[in-house]
Amino acid sequence: SIEHFVINDKGNYSINVGSRILEDKYPSGIGVNSKSLFNFIFIPQKHNNEMDNMLLCDKMDYIEKNVEINCEYSQMAYDIFKNNMKPFPVIAASDTDDEAKKKWRDYYVNDFRNQYAACVKLIVENVQYKFHNMMN
């Protein structure tokens, strides 16, 4: 099934803070990426459902432990995001709800757009290279 990998389509995300799970909304302008071609990977439906509103870093951890990606494009996109969408905010169990939410909002406002754009550029370059080699 198609997984909204980087940004989910619901407009919010779950933050793990110790044993607490917080919900927050993406800052303005971030959710538009949920419909981008580059936001999708193909994984089994079961795993798609289990990842739901996870943050990208949590989805990557989940995939590493639980999912075999059988689509060449999806594996390539996953690897690019895994290697280039860092560093993610560090959330301590002692962080207050407001502190944890602020760290993620700051990441989306200050770092996300440039990291996402760099990943999209790499994906396009990889796809172009693949098609070029197929035609020659």
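## The buried side of helix α4

In this predicted model, the buried residues of helix α4 are Ala 100, Trp 104, Tyr 107, Tyr 108, Phe 112, Gln 115, Tyr 116, Cys 119, Val 120 and Ile 123. These buried residues pack against β2, β3 (20–25), α2 and α3.

The length of α4 can be checked against a simple expectation. The helix has 39 residues, and at 1.5 Å a residue it should span 57 Å; the C-alpha atoms at its ends are 53 Å apart, which agrees. The helix also contains a kink of about 55°, and this kink is centred on Asp 111.

## The nonpolar core

The largest nonpolar core of the structure has 36 residues. Which of its members touch the most other members? They are Phe 5, Val 6, Met 85, Trp 104, Tyr 108 and Phe 112. The elements that contribute two or more residues to this core are β2 (12–17), α2, α3 and α4. The largest share comes from α4, which supplies 9 residues.

When neighbours within four places in sequence are left aside, Met 85 is in contact with Val 6, Leu 56, Tyr 107, Phe 112, Gln 115, Tyr 116 and Cys 119.

## Aromatic pairs and the aromatic cluster

A search of the whole structure finds 14 aromatic pairs. One of them is formed by Phe 5 and Tyr 78; this pair is tilted, with 5.8 Å from centre to centre and 50° between the planes. The pair links distant parts of the chain, since Phe 5 lies in the loop between β1 and β2 while Tyr 78 belongs to helix α3, 73 residues apart. Both Phe 5 and Tyr 78 are buried.

A further tilted pair consists of Tyr 13 and Tyr 26, with 5.0 Å from centre to centre and 40° between the planes. Tyr 13 lies in strand β2 and Tyr 26 in the loop between β3 and β4 (40–42), so this pair ties together parts that are 13 residues apart in sequence. Both Tyr 13 and Tyr 26 are buried. The residues of these two pairs belong to one aromatic cluster, which is formed by Phe 5, Tyr 13, Tyr 26, Tyr 78, Phe 81, Phe 88, Trp 104, Tyr 107, Tyr 108, Phe 112 and Tyr 116.

## Phe 38 and its surroundings

Phe 38 is located in the loop between β3 and β4. Not counting residues up to four places away in sequence, Phe 38 touches Tyr 73, Phe 81, Tyr 116, Val 120, Ile 123 and Val 124. The C-alpha atoms of Phe 38 and Tyr 108 are separated by 17 Å, and the two residues are 70 residues apart along the chain.

Is Glu 3 buried or exposed? Glu 3 counts as buried, because its relative accessibility is 2%, and buried means under 20%. Glu 3 is found in strand β1, which covers residues 2–4. Apart from neighbours within four places in sequence, Glu 3 is in contact with Asn 39, Phe 40, Ile 41, Ile 43, Asn 48, Met 51 and Lys 59.

A disulfide is a covalent bond between the sulfur atoms of two cysteines. How many disulfides does a search of the whole structure find? The search finds 0 disulfides. Cys 71 is in no disulfide, and the nearest cysteine sulfur, that of Cys 119, is 17 Å away. Cys 119 is likewise in no disulfide; the nearest cysteine sulfur to it, that of Cys 57, is 14 Å away. A disulfide requires the two sulfur atoms to lie within 2.5 Å.

Cys 71 is partly exposed, with a relative accessible area of 24%, whereas Cys 119 is buried, with a relative accessible area of 0%.

## Backbone details in two loops

Two loops hold backbone features of note. A cis peptide bond joins Lys 86 and Pro 87, with omega about 0°. Pro 87 lies in the loop between α3 (72–84) and α4 (97–135).

Asp 52 has a positive phi of about 35° although it is not a glycine. Asp 52 is placed in the loop between α1 (45–51) and α2 (56–66). With 38% relative accessibility, Asp 52 counts as partly exposed.

Methods:
Residues are numbered from 1 along each chain as its sequence is written. This is a predicted model: local features need pLDDT of at least 70, side-chain atom pairs count only at pLDDT 80 or more; totals for chains, interfaces and linings use all residues. Side-chain values use heavy atoms; hydrogens and water are left out. Buried means under 20% relative accessible area, exposed over 50%, partly exposed in between (1.4 Å probe, protein chains only). Helices (H or I, at least four residues) and strands (E, at least two) are DSSP runs, numbered from the N terminus. A nonpolar core is a set of buried Ala, Val, Leu, Ile, Met, Phe, Trp, Tyr and Cys residues joined through side-chain atoms within 4.5 Å. Contact means heavy atoms within 4.5 Å. The expected span of a helix is 1.5 Å times one less than its number of residues. The bend at a residue is the angle between axes fitted to the seven residues ending there and the seven starting there. Rings of Phe, Tyr and Trp (its six-membered ring) pair if their centres lie within 6.5 Å; planes under 30 degrees apart count as stacked, over 60 as edge-to-face and the rest as tilted.
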